[in-house]
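I opened a new page for this structure today.

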Amino acid sequence: MKIIQLDQPIDDPQRAEHLFRGELLVFRNIPAMRQLIDRTDQLLRDKLSGLDPVRAQHRLSPQDFLQLTGEVQSEFRKSQWPKDLFFAALQQCGVELSETFYDHFPLRVVPFDRDSDGSHNGAHRAAIGHHRDSWGANIFSQINWWAPIYSLEAERSIAFYPDYWDRPLANNTDSWCFEDYLAERRKVPEERRSAYPSAPQPLEVVDESGVEKILIEPGDILCFASAQLHASVPNSTDATRFSVEMRTINRQDLQAGRAAPNVDNAATTPMHRWFRGIVDKQPLELKIESISPTRKV
């Protein structure tokens, strides 16, 4: 798997060309991402009474850590400034915002496994297992953006499995249902994990021999096709991982048929309704009829 380091923006077609042949892009030292990190760090420190966020887990009970970081995650999710700063960061990477749709923008918290009892698990507070984001959305022009808030280590990062770019992995995309997930999600408090999985799951063991654990610096942004098989690295360090993520779809990619290959997705319904325009805020599902693919890549 080729990982391309970039110190300058590239336009949407160039980016698609790299991503949809299985390459990863790292946009380095993005100014708006630095601003987002500074404001998020201050938000966390204010809520944690001045504690270092990556070490606060040592000083707090599991219940207090869960409560306080959950409050930060809720505020982050409901506020406009995190999204606005990340949209600015995407623009600095070369994204044409008026042509781009996004789904959501969570702050994810992955604690170290202090008690091995899952007590810290929540909606966006846990290591995420092997998956392709395209399994849930069933849209192969979709791409992912991922960035750490603090420094990473190999055992507190994100992992990719390039051998599976063109190799199928058995999964339950034929039976997973978003409506069933929503029904279960309504039964649990905000920021807690539902019993029903939030996305389709693999049905066979993943071969770990080809794993690549990615290390990027705070201020950098990792970009990859949503069809890439990836996972959170289980956090075996003594520090909590904080990161942000967003999925986007470019109108021109849909129209030109630029997309990653589908090697194992049995879903039938593209989830266009998850996405809305960055600039006009209009749902993608309302515009999709006017976007007719003309070719495939």
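To judge a helix's length, I take its expected span as 1.5 Å times one less than its number of residues. I keep in mind that this is a predicted model.

Entry on α5. I looked up helix α5, residues 81–92, and found 12 residues. From first C-alpha to last it reaches 17 Å, close to the expected 16 Å. Its buried residues are Trp81, Pro82, Lys83, Leu85, Phe86, Phe87, Ala89 and Leu90. I then checked what covers them: the list includes helices α2 and α4, along with strands β3, β5, β8 and β10. After α5 comes Gly94, with a positive phi near 110°.

Entry on the cores. The largest nonpolar core holds 52 residues, and Met33, Phe86, Trp145 and Val244 have the most contacts inside it. Another core, of 10 residues, lies apart from it and has Val26, Ile158, Phe160 and Leu222 among its members. I went back to Met33 and set aside neighbours within four places in sequence; its contacts include Phe86, Ala89, Ile149, Asp220 and Val244.

Entry on α7. In this helix, residues 178–185, I noted Phe178, Tyr181 and Arg185 as buried. Looking down the axis of α7, its buried residues fall within an arc of 55°, so they line one face of the helix.

Entry on Ser49. I found Ser49 in the loop between α2 and α3. Is Ser49 buried or exposed? Its relative accessibility is 68%, so Ser49 counts as exposed, the cut-off being over 50%. I also checked Ser49 against Leu68: they are 19 residues apart in sequence and 10.0 Å apart in space, C-alpha to C-alpha.

Technical notes
Residues numbered from 1 in each chain as written. Predicted model: local features only at pLDDT ≥ 70, side-chain atom pairs only at ≥ 80, totals over all residues. Heavy atoms only, no water. Buried < 20%, exposed > 50% of the residue type's maximum accessible area, 1.4 Å probe, protein only. Helix = DSSP H or I, 4+ residues; strand = E, 2+ residues; numbered from the N terminus. Arc of directions from axis to C-beta. Core = buried A, V, L, I, M, F, W, Y, C linked by side-chain atoms within 4.5 Å. Contact = heavy atoms within 4.5 Å.
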